[in-house]
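Dear colleague,

I am passing on the structure we spoke about, with the sequence and coordinates placed just below. Please look it over first, and then read on for what was found in it.

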Amino acid sequence: MIISDEILLRVEKPARYIGNEINMVRKDTEKVNIRFGFCFPDAYEVGMSHLGMQIIYYFLNRREDTYCERFFAPWLDMERIMREEGLKLSSLETGTPANEFDFLGFTLQYEMSYTNLLNMLNLSGIPFYSANRGEEYPIICAGGPCALNPEPLADIVDFFYIGEGEAMLDEILNVYKNLRVEKLKKTEILYELSKLAGVYVPMFYDISYNEDARISEIKVNREGVPERVRRVYVEDLNSAFFPSIQLVPLIETVHDRVTLELFRGCIRGCRFCHAGYIYRPVREKLPDTLVNQANELIKSTGHEEISLVSLSTSDYTCFKELTLSLVERFSKDNINLSLPSLRVDAFSMELVESVQSVRTAGLTFAPEAGSQRLRDVINKGLTEEDILSGASMAFKSGIDRVKLYFMIGLPTEQESDLKGIAELSEKIIKEFYKAAEEGKASGDKRHRAVSINVSSACFVPKAHTPFQWERQDAYGDFIEKQQYVKGLIKRKNIRYAYHDGKTAVIEGVIARGDRRVSAFIIKAWELGARFDGWGEVFNFSIWEKAFEETGIKPEFYTGAKSLDDILPWEHIDAGVSKQFLLREREKAYNVETTANCRSACSNCGINKERGKDICARNLSNAREALK
Amino acid sequence: MRIRYLIRFEKKGCLKFIGHLDLIKLMQRCVKLSGIDIDYSKGFNPRQLVSVALPLSVGTEGFSEYAVFEMKSEINERDICERVNAVMPEGLSITGCRSMPETEKNPASLIRAAEYTINLPYAEELDKYTAEILKSSTLKLEKPVKYKKGRGNKVYGSGLTETIDIRSGIYDIKPCGERCVNMLIAQGSADNLKPELVIKCLCAKMNIDYIPHKNTYVRKELYKQGENGSFISLFS
């Protein structure tokens with residue numbers, strides 16, 4: 001049932017619950033075979049900015065036999081009313097209760113959204129544990145980056161999809177459709193699905209533990225199920241499905257623009273970065289493909305800004321050509337370009353002149369570490385010289401705002417590294433004053449003021465990275481270090497903001513958690529945890545109580561791991577080899593950098609077993625396009 | 001020479017839940033999708049010259065709302081309606097369009113009154129109480145008071161209230177059915193009265209609780225000053 005007006009008038013931002021967006025898909029529910037519920041476990045405004053949802057929504061809806069509808073997490077006020085009035089969670093498109101769908105697919109973008117996932121199940125009247133769900137309930141599946149360590153949700157989700165949606169979703173739905181005709185039971189359907197690439201069905205794996213509580217074995221308990229589940233991905237992004245229309249929300253969301261994905265993967269190999277490992281190999285789209293896609297999307301959405309996204313936009317082979325084509329094609333139609341993660345060089349300064357939105361954006365650097373030593377440890381190939389000369393160039397072209405991103409708690413971190421954060425900010429301000437002086441000397445009459453925003457996040461080691469064995473700093477360590485840096489930053493025009501270390505504790509427990517962590521997350525939900533990614537809602541005392549009541553010890557999960565431990569995600573294969581991760585870890589401790597994989601292949605293993613060299617092929621295609 | 005068109009539109013159904021700023025953005029998006037030759041502001045940050053005359057509260061439907069489109073070139077009025085309506089979401093549609101002579105002021109500055117129809121499911125004897133309001137010369141109400149930081153005024157949520165008299169803003173009020181009331185009240189840049197305040201007073205008189213989400217509000221029409229003190233529709 002669609003929510004009544006009376007209820008909508010009682011909640012904040014009622015437009016979150018009305019659907020009816022431009023380009024929303026409408027189908028006759030009688031004429032489809034498969035009802036798929038795409039569930040984004042966060043607020044509407046956040047979920048609607050997610051490009052993955054746009055892709056999967058239109059990918060599934062292009063099938064005549066399938067109707068994919070959307071679910072978002074109801075806000076706290078709506079949840080309260082739903083429980084009071086006995087309302088069940090229903091889809092935006094048709095108001096169909098979640099419980100009546102064939103599949104409910106959750107996207108796992110961030111560990112702190114897990115309590116929302118539980119809440120959405122609960123508001124649908126669906127039991128948490130898969131063992132407690134009979135044939136009458138939908139199949140609960142989950143994908144997205146956090147699915148690379150699925151274990152904290154393994155007792156809850158029926159199957160995980162490891163990898164990119166476009167690769168195997170069609171086949172999964174085809175298999176399901178055929179098996180349903182044969183009237184197979186859910187367990188048997190899941191068994192057949194487990195044989196498909198990228199599908200992980202937790203019920204067919206048994207985990208046993210040692211006396212010291214570490215994992216002793218992960219074993220398949222049914223023949224035919226793979227020992228390890230390998231991540232799947234689309235090989236050629238130019239021929240892969242990409243929607244020519246995008247959903248346009250009726251209200252303001254986090255990003256109000258056309259999102260154009262340039263490429264997947266990243267060549268840099270920064271050792272802390274989860275995305276850099278789980279999206280290999282690098283696959284670029286050709287500039288022509290992108291200009292066409294931009295055209296279609298602008299035509300179908302009426303947006304006035306195009307955002308070029310990727311893990312490292314400046315590394316796109318034909319970056320200059322593409323941006324010039326886009327500016328030429330679209331600026332006369334009053335359409336702006338948004339370019340996050342721009343490397344600062346002569347070309348981007350040219351862009352600052354011609355693209356208004358680039359001009360007002362200010363400059364962003366992500367050194368991540370305050371000293372060159374630590375930057376080398378984490379393989380962030382940005383030198384102080386790059387930063388200072390880039391800043392100088394930017395200040396000279398008129399930019400007055402600089403943002404600097406750092407992380408605290410990186411492996412081998414010392415006081416001198418923290419000091420480096422403050423010192424680097426100082427040096428950047430000095431560059432500004434130099435540029436302003438020179439400007440004045442050559443006649444610039446403007447009074448210029450600079451603002452530097454420094455922020456530090458808390459480092460949480462992630463699975464499938466070289467740092468997956470590292471110790472995460474405790475909450476107290478984070479506080480101490482943040483206060484230390486704060487004390488060193490004295491100037492008024494440098495603002496220092498730091499992320500909450502308490503959130504990092506929970507994130508860390510879940511990010512490297514095993515199956516036993518699910519009880520902990522459920523307990524936190526029972527105690528009222530919701531929207532934990534939202535600073536104003538996150539309540540650490542609830543989680544502390546959950547630790548107490550379930551006996552889960554955070555240090556067990558956030559502490560250092562032995563290199564021969566069986567990790568909870570051992571049976572999930574992201575595509576990079578363990579040997580490669582160990583080599584990178586060794587190099588980190590020796591303060592040795594690894595070149596980007598375009599200049600020298602570091603043998604991460606992504607090409608193995610495939611018999612064809614995807615990386616080289618993609619690179620030569622990109623170079624061809626340059627000519 | 002500006003080329004402006006006065007647009008009359010309705011905002012109903014689930015569209016009543018989007019706010020004023022979101023409505024403007026939505027209109028701009030629909031204008032873009034329709035491809036009509038809208039004009040943009042000059043300067044560093046060009047914006048579409050699309051403006052909506054008077055905000056509508058979230059939850060209130062509007063049957064005769066007004067906007068102004070400023071175009072780069074002349075266009076047939078019917079074209080605007082057809083092309084933009086084709087891309088508008090359900091609940092939003094253009095119901096009329098006429099060109100604006102150069103001398104005509106922007107509707108936002110012309111609006112003097114608005115007509116509302118409000119459903120009150122628990123009301124009793126509406127004819128008696130509405131007549132009472134019209135007969136009296138004052139209609140007082142306690143309103144919580146706002147704070148202006150830095151200047152030391154009063155505080156929102158501090159429990160402090162002030163008494164205001166809204167009678168002069170009510171031009172007419174009468175029942176239109178058993179549980180429904182129709183009113184013509186002052187709205188616009190000169191004198192602005194919110195219909196919720198009138199309903200609050202009415203509920204107080206009827207001795208029933210004022211429960212905002214139980215009432216449905218519809219703004220039927222917006223008016224400007226006509227001849228001899230009368231009100232005429234903004235569209236004329």
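What follows covers chain B and then the interface between chain A and chain B.

Please keep in mind throughout that this is a predicted model.

Chain B has 236 residues, of which 48% are buried, and its secondary structure consists of five helices and eleven strands. The C-alpha trace of chain B extends over about 55 × 50 × 40 Å when taken along its principal axes. Where contacts in chain B have a separation of 6 or more, 69% of them are between residues 24 or more positions apart.

As for the surface, chain B has an accessible area of about 12000 Å², with carbon and sulfur atoms contributing 50% of that value. Chain B carries 36 positive and 29 negative charges, and the mean position of the positive charges lies 6 Å from that of the negative charges.

Turning to the interface, 25 residues of chain B are in contact with 29 residues of chain A. The size of an interface is often expressed as the accessible area lost when the parts come together. Between chain A and chain B the buried area is about 2300 Å², and carbon and sulfur atoms account for 58% of it.

How many salt bridges are there between chain A and chain B? The count is four, and one salt bridge joins the side chains of K214(B) and E6(A), with an N to O distance of 3.1 Å.

Definitions and conventions: Residues are numbered from 1 along each chain as its sequence is written. Chains are lettered from A and ligands numbered from 1 in the order in which they are written. This is a predicted model: local features need pLDDT of at least 70, side-chain atom pairs count only at pLDDT 80 or more; totals for chains, interfaces and linings use all residues. Side-chain values use heavy atoms; hydrogens and water are left out. Helices (H or I, at least four residues) and strands (E, at least two) are DSSP runs, numbered from the N terminus. Buried means under 20% relative accessible area, exposed over 50%, partly exposed in between (1.4 Å probe, protein chains only). Contact means heavy atoms within 4.5 Å. Accessible areas come from the Shrake-Rupley method with a 1.4 Å probe; for residues, only the protein chains shown count as cover. Lys and Arg count as positive and Asp and Glu as negative; His and the chain ends are not counted. The place of a charge is taken as NZ of Lys, CZ of Arg, CG of Asp or CD of Glu. Buried area is the accessible area (1.4 Å probe) that two parts lose on being put together, summed over both.
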